[in-house]
Amino acid sequence: MKKLFIYLTILLTTFGCKEKYVSPVVSPTTGYLVVEGMINAGGGQTQIILTRTSTLDNPAIIYEKGAKITVLGDDNSTVSLNESSAGIYLSAPTVVLNNKAKYKIAIQTADGKTYQSDFSAVQATPTIDSVYWKRENNGVQFYVNTHDLANATQYYEWDFTETWEYHSPLMQYFQYYQSGTRYPNIPYYQLKYIDPVFLTFNMALYKCYTTQESSTIILSSTSNLTQNKINHPLNYIPAGSVKIGEVYSVLTRQYGISENKYRYLEKMKKNTEATGSIFDAQPSELVGNVHSTTNPSEIVIGFVDASMVQSKRSFIKNTELKDWNYASPCVISEIKNSEDSITKVHNTLLPGTVAKFSPFGGILSYYFGTPECVDCRILHGTNVKPSYWPN
Amino acid sequence: MQKYLKVIFILAAMAFIHKGYSQLDSARRINLSGNKISISELTNQLEAQTKLHFYYNPVLFAKEQFSPNFNNEKIATVFAKLFGQQAIFYSLDNQDNVFLTKGKQLNIQLTERYFSGIKVDQNSNDALADYDESNSIKEALLDKTIYEIGDKNTGGNKKTIVLGGFVKDAKTGEPIAGASVNIDNPRIGVNTDQYGGFTLSLPRGKHVLNIQSIGMRDIKRQIVLYNDGKMNVDMIQSIMSLKKVVISSQKISNVRGTQMGVQRLDIKTIKQVPAIFGEPDILRVVTTLPGVKTVGEASTGLNVRGGSSDQNLILFNDATIYNPSHFFGMFSAFNPELVSNVELYKSSIPASYGGRLSSVLDINSREGNKKEFTGSAGLGLLTSRLNIEGPIVKDKSSFILGGRTTYSNWLFKQLPDEYKNSGADFYDLNLITTHELNKNNTLYFTAYVSKDQFKLNSDTSYSYGNKNLSVKWKHLFTSKLNSVFTTGIDQYNYEINSQKLPLNAYKLGFDIQQSYFKAHFNYFYNNKHSFDFGVNAINYLLHPGNYDPAGPESIIAKDHLQQEQGLEGALYFSDHYTVTSKLKIDAGIRASMFNAMGPNSFNTYAAGSPRIVENILSSTNYTSGQVSKSYGGPEYRLGFRYVIDETLSLKGGINTQRQYIHSLSNTTAMAPTDIWKLSDPNIKPQLGNQVSLGLYKNLRSNTIEASMEVYYKTIENYLDYKSGAILVMNHHIETDVIGTKGKAYGAEFLLKKLSGKLNGWVSYTWSRILLQQNDPKAGELINGGIEYPANYDKPNDFSIIANYKFSHRFSISLNSNYSTGRPITLPIGTYQYDGSFRTLYAGRNAYRIPDYFRTDFSMNIEGNHKVKQLLHNSWSIGVYNLTGRRNPYSIYYVSENGAVNGYKLSIFGNAIPYINLNIRFK
């Protein structure tokens, strides 16, 4: 249904148009508490993030520091969380909870206000059967498969972390060095091999790894199915994306959630991701399961329940895809290997590889580009290879 | 009387016969021989030797054979011998035309069947209608004739006499609705109804009856009334007169009618208004009338005087059309070529209509041409249409068949790659037949089918359609009592098919079916009282949602929402009471009642607690046909008109309405997938009350109609949805909707000029519609229980429709509209959740989108005006949204790649030119 509406919008905007809009209305300062996270009942670490709402014209993550968070069980057990960094509260790395008990969190903010979530039964999460992909509209669409024979979980949520390897389009074999000074005191530069012995390139600038967290809410339910079996689309990578320029990996995490959390996230998704079509459902107010005990009418955002996480990592290599056609936006140019020309560009453009050799083995010209074309660390993350990365 | 008629008849006949014979005598003598020759050979030979022209029905004469053997014989002898033996009648007129008929002789002189009913000479009544005679001769003749109705000697001496009859188009035989029939002294007049019928109560004696209708030549008939009787009048179209045509200005209906808040639009008017892609659109023209609004450009849903789009009863020849739109709401579902007129009732709704709170939009089709086969075709950029009409039995019955379709695929080719495999198309088909069984009985048959389908990348397809069938029998008991009986079936359904994931492939269907019976009677008691009364019954059957697996791999659980069934009945009675010549009152009462019926089951909720799943106490089962809940009550319809002077009147009305079927929607626009819901133990009927008052003034010798109306309206149990409501496949829908209270008020101004070179109208409306949910027992308070504006609350609304006729072949039209932006819910802040910034909402409909302004322009070019050519072409060329203003349809915020972006969406953000060719053919 939703898709239909998005599609109609696209159709109609061929006549019409979609323009950026900046509201003339000055948004009020709200500063409502936002509670994100879940009570990890799978034996792992519980993480709760506290932030405050910000204004519409100036979105910012305002972390709520100095709060005290405790997980309370209806079996009178307690687990306390510590603020590991501003606004991020963690339990001990392994905490075993009682799967028969119900849990909630209690928050006391630095200004003394108290909040509590509703008690939540522990929601089991079945393991992921598979994460696979197929080509769709020339891009790559990932799907998740799972099932629950016990039918203990009917509502699922997923998120994922993508990591991809990136290679700089220009390998750096050379570096500049000051070859001398000319009158009155102008330094002059020349080219030299980075590794004059083996004549290899600078690996540290060549291979990088970018990591990106998912930013959409992905939900599915088996409540209207005859079998507890799920086949659901996850992330889509459009054709030619840099993500599968070399090697791509995605870590998919699956959560079994309660029906109430499912409804809550579904509304949040409708309000914030699925808007903008001709037949818009009107945005609506969200009521989560975290409430202020100091002032019951205070708006609090968030839904905290007790669940477990299952995860699975998958890879795609560029060589598995036909016609992926990733094209780097880098502009690479050839330049004469001369002191004059090198001195002109040495500040802004980095050298890459040899373009032309002289008949005697000397370098006549070389390729160069902007630093982003040579140094992958500028735009494409870290050059530290993750431990799970294939060779 | 009889004697008198006979005398006229014989005298007239003699005049013809005499003239005819003198021509025959003077003609040459005939030499003719042949063996078993056909009628065409015979007439060809006769035409070759004389100046005569022969007319006959080739079908009837196909088997006739003639073996003439004449040598220098007189024509009269030839005719007598040729035709006399084979029982063929022949008639001659004064232009050397010979009409051959079988069974009856064609009466050349009596061009109208005017004396019908009481004490009519059987001879004249049995004569067949005229063929093709010069209009001028006919008119001159009829104008001067004195028609006596009733017998002077035996008619008694009643002081007031009831005259009834029908006004028809002389050329096509179609009834003319809305024609004014009146006498000057004393001033008594009525307008014809949709069947062209009228009833007048006049003083005994001599009168001049004036009949006027837009686009028709004015007609005068001299009558002498002795007793109750009937008189049928044929009007002639005032086409193509290159002389100046003065359309008479006695347009008194604005001031004189009792009904207020009624707008009648003629299809000619509608066609002049520029339209998207050049397809004349009835509903869009209706939205330019005062008090009528629409949510936006992609929606044909109407909001009349603060009502939601489901509060309009849209009738096409008495059939209820549940979804009046095509192509995502860009076009309305009515073929303009088949529509005769549209009437919108928004304040004094006649007691014969009911079941919806806000308005009745009554769309009447044309009747087919009863005289000859004609047709028309239209070609546009996106749509085309074809219509054929003609007699089934000449002068007695006719049909009209029309169809439209679209070829929009070129449009989809313009879309990005991902959407190229998509498509959308629609069609609609109409068949309307009329059978005049005899003078007192007419049967109408209407069939309507429409279907829309569209698919996304060939894996999800959507379709919806209307199917309607109705039979109407109009019966005249006496000239004072007439009746209309209607029965039919209306159906609407939609279906969604998704094949994207084989495991989750599904089919979702919704349908509604209603069968109805209506009996309506009109009794003309006397000059003071005329009564309307009748009975309505509708049986509803809904399947609110059938969710089924599609394909062998699908593991979708079959889920069918329980069917809903209900019976709505109503009895009504109203009196049009003429208190004095200045004061008229329309008083009506409609007792309506609704029974929700099994088989199904309904949840019971704890008394005094909100309807949420947690409060379900139990559920009660009802067997088939068992009534689970009854609702009902009286609806009052009261209207008055007081004439202050000849051109000024005051009108007022009180109206109450009940509505038992509701559409549930949480989208702004009317979506094709909105579902309908019957009232049941948990969903109460909607109630509406309206008080209105208006002032009507005709200016410039009645060429300009001005009106002003004010109204105040309350609505109870108006269904709004709760935050985040799920309306599709919901087994306990009552938990997601909430009954709110609404109040609407406003003032409407209209200035209308329908004749002259410059014509059109200007309308301005100021209005509000506010809703409120402040009952904590009913569920969540919306906006904390304070009043909030409905989605379509647009306080200021201004429209101009102007047409200027440069000549009979060239005219231009301009349509301009300004309105306040509609209310929307804007975010008040942002927060970070699940990896993205997200918007924070509070306060429903607290902001407004920027104001709306649009101007459209079109030129209409007619081909030449020769009446007798086979094809008449006309072109309309125009530009929609001439100024190219990017009117925002919506403003929305969406989380994309972790950030919140705001957008303004305009649907027709550029000037859109169009061209359309219309062809009429015979």
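A word on conventions before going on. Residues are numbered from 1 along each chain as its sequence is written, while chains are lettered from A and ligands numbered from 1 in the order in which they are written. This being a predicted model, local features need pLDDT of at least 70 and side-chain atom pairs count only at pLDDT 80 or more, whereas totals for chains, interfaces and linings use all residues.

**Confidence**

The model scores ipTM 0.87 and pTM 0.76. A contact here means that the C-beta atoms of two residues, placed from the backbone, lie within 7 Å. Where pLDDT is low, the predicted coordinates should not be read in detail.

**Chain A**

Of the 391 residues of chain A, 37% count as buried, that is, with 20 or more other C-beta atoms within 10 Å of their own; exposed means 12 or fewer, partly exposed lies in between, and C-beta atoms are placed from the backbone. Among contacts in chain A with a separation of 6 or more, 68% come from residues 24 or more positions apart.

The domain assignment gives domain 1 (31-122 + 286-304) and domain 2 (167-208 + 324-374) in chain A, with bounds from an automatic or database assignment. The centres of domain 1 and domain 2 of chain A, taken over C-alpha atoms, are separated by 53 Å.

Back to the strands around A:Gln47. E3(A) (residues 47-52) pairs with E2(A) (residues 33-40) in the antiparallel sense, and two strands count as paired if DSSP finds at least two bridges between them. A:Glu36 stands opposite A:Ile49 in E3(A). The hairpin of E2(A) and E3(A) has six residues between the strands, and A:Gly43 there takes a positive phi near 95 degrees. E3(A) also pairs with E7(A) and with E4(A), where A:Tyr63 stands opposite A:Thr51.

| Strand pair | Sense | Bridges |
|---|---|---|
| E2(A) and E3(A) | antiparallel | six bridges |
| E3(A) and E7(A) | antiparallel | three bridges |
| E3(A) and E4(A) | antiparallel | two bridges |
| E43(B) and E44(B) | antiparallel | 16 bridges |
| E44(B) and E45(B) | antiparallel | 13 bridges |

**Chain B**

In chain B, five strands form an open sheet of mixed pairing in the order E6-E12-E11-E8-E9. Strand E6 (146-149) and strand E9 (188-191) of chain B stand at the edges with a single partner strand each, so one side of each is left without a neighbour in the sheet. Within this sheet, E8 (residues 180-183) and E11 (residues 205-212) of chain B run antiparallel over four bridges, with B:Val181 partnered by B:Ile211.

Another open sheet of five strands in chain B, again with mixed pairing, has the order E15-E22-E23-E18-E19. Its edge strands are E15 (262-266) and E19 (319-320) of chain B, each pairing on one side only. E18 (residues 312-316) and E23 (residues 359-365) of chain B pair in the parallel sense over five bridges, and B:Leu315 stands opposite B:Asp362.

Further along, B:Thr486 lies in strand E30 (residues 481-498) of chain B. B:Thr486 is buried, with 21 other C-beta atoms within 10 Å, and touches B:Asp318, B:Ser470, B:Lys472 and B:Lys518, leaving aside residues up to four places away in sequence.

Finally, E44(B) has B:Phe749 as the bridge partner of B:Met708, while B:Gly742 has B:Leu771 in E45(B).
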